[in-house]
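Subject: Model for you to look at

Hello,

Please find the sequence and the structure below. My notes come after them.

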Amino acid sequence: MLRIGDRNMDRSNLTRRSALILSAAGLISLATPALAANEYSMQEIVDSGHRFFGATSGGLASVVEKAFASYGLPNGYVLGEEGSGAWIGGLTYGEGTLYTKNAGDHHLFWQGPSIGLDFGGEGSRTMMLVYNMTDTSNLYNRFGGVAGSAYVVAGVGFNVMKNGNVLLVPIRTGVGARLGVNVGYLKVTDRPTWNPF
């Protein structure tokens, strides 16, 4: 048999628990926008890519969807152009702008060597998704990875490059003829240089 005093105690405990749950839910809802405020949605990236790549962006949505499924939401992206050529050993040079939601836009450059079963040359428009960047200075490093046709749809492809926790996912579409797979790295700098190393 429940006495009046016990009933009041149960109501008091229930009220206290409800207040704690609501407070926790409020904190979570406040924290979630702060975490997402510096990240880009898939739709934002696809829209930006369509504007940038134009008519050649047929497979862009599929490639971006695959990148998002594998790596989540980026907290920056680069739009730019690059040229590359290879005869077993190769070189790549590029230039573009890093876009972020909380640290502004930054002009940057990238260059790097590669080696492998790789022949030909190409010029391409490039979008690089940037993951786990805590500061824009994280980007000015060497990023290694395996290039080639890691994932390709309708002439648009991406590969993954890494330095520490920071990931670069270059998405490329362009003109030229290049065949093969190579291993190399990209060095990202804040000023142009001919030195790919």
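The notes go from the whole chain to single residues.

This is a predicted model, in which local features need pLDDT of at least 70 and side-chain atom pairs count only at pLDDT 80 or more, while totals for chains, interfaces and linings use all residues. Residues are numbered from 1 along each chain as its sequence is written, and side-chain values use heavy atoms, with hydrogens and water left out.

**Overall**

The chain has 3 helices and 7 strands. Both are DSSP runs numbered from the N terminus: helices are H or I with at least four residues, strands are E with at least two. From the N terminus the order is α-α-α-β-β-β-β-β-β-β.

The chain has 197 residues, and 37% of them count as buried. Buried means under 20% relative accessible area, exposed means over 50%, and partly exposed is in between (1.4 Å probe, protein chains only).

Take the contacts (heavy atoms within 4.5 Å). Among those between residues at least 6 apart in sequence, 69% join residues at least 24 apart.

**Helix α2**

α2 covers residues 42-53, 12 residues in total. Its first and last C-alpha atoms are 16 Å apart, close to the 16 Å expected at 1.5 Å a residue. The expected span is 1.5 Å times one less than the number of residues.

Which residues of α2 are buried? They are Ile 45, Val 46, Ser 48, Gly 49, Phe 52 and Phe 53. These residues cover an arc of only 165° around the axis, so they sit on the same side of α2. The arc is that of the directions from the helix axis to the C-beta atoms. Gly 54 follows α2 and has a positive phi, near 65°.

**Salt bridges**

There are 4 salt bridges in the structure. The criterion is a side-chain nitrogen of Lys or Arg within 4 Å of a carboxyl oxygen of Asp or Glu.

- Glu 81 and Arg 125 meet through their side chains at 3.8 Å, N to O. Glu 81 is in strand β1 and Arg 125 in strand β2, so the pair ties together parts 44 residues apart in sequence. Glu 81 is partly exposed at 47% relative accessibility, and Arg 125 is partly exposed at 34%.
- Arg 172 and Glu 82 meet at 2.4 Å, N to O. Arg 172 lies in strand β7 (residues 166-189) and Glu 82 in strand β1, so this pair ties together parts 90 residues apart in sequence. Glu 82 is buried, with a relative accessible area of 7%.
- Asp 190 pairs with Arg 191, with the closest N and O atoms 3.6 Å apart. Asp 190 is partly exposed at 43%, whereas Arg 191 is exposed at 57%.

Thr 100 lies in the loop between β1 (76-99) and β2 (105-131). Is Thr 100 buried or exposed? Thr 100 is buried, at 9% relative accessible area.

A polar atom of the Thr 100 side chain lies 2.9 Å from the backbone nitrogen of Ala 103. The Thr 100 side chain also reaches the backbone oxygen of Gly 104 at 2.7 Å. Polar contacts are N or O pairs within 3.5 Å; within protein, one atom must be able to donate a hydrogen and the other to accept it, and residues adjacent in sequence count only if both atoms are side-chain atoms.

Leaving aside neighbours within four places in sequence, Thr 100 is in contact with Tyr 40, Asn 75, Asp 105 and Met 133.

Met 133 is in the loop between β2 and β3 (142-146). Met 133 counts as buried, at 9% relative accessibility. Met 133 and Thr 100 are 33 residues apart in sequence, and their C-alpha atoms are 9.9 Å apart. Not counting residues up to four places away, Met 133 touches Asn 75, Gly 76, Leu 98, Thr 100, Asn 138, Leu 139 and Val 166.

Asn 132 is in the loop between β2 and β3. Asn 132 is partly exposed, at 45%. Its phi is positive, near 65°, in a residue other than glycine. Most residues other than glycine have a negative phi.

Best wishes
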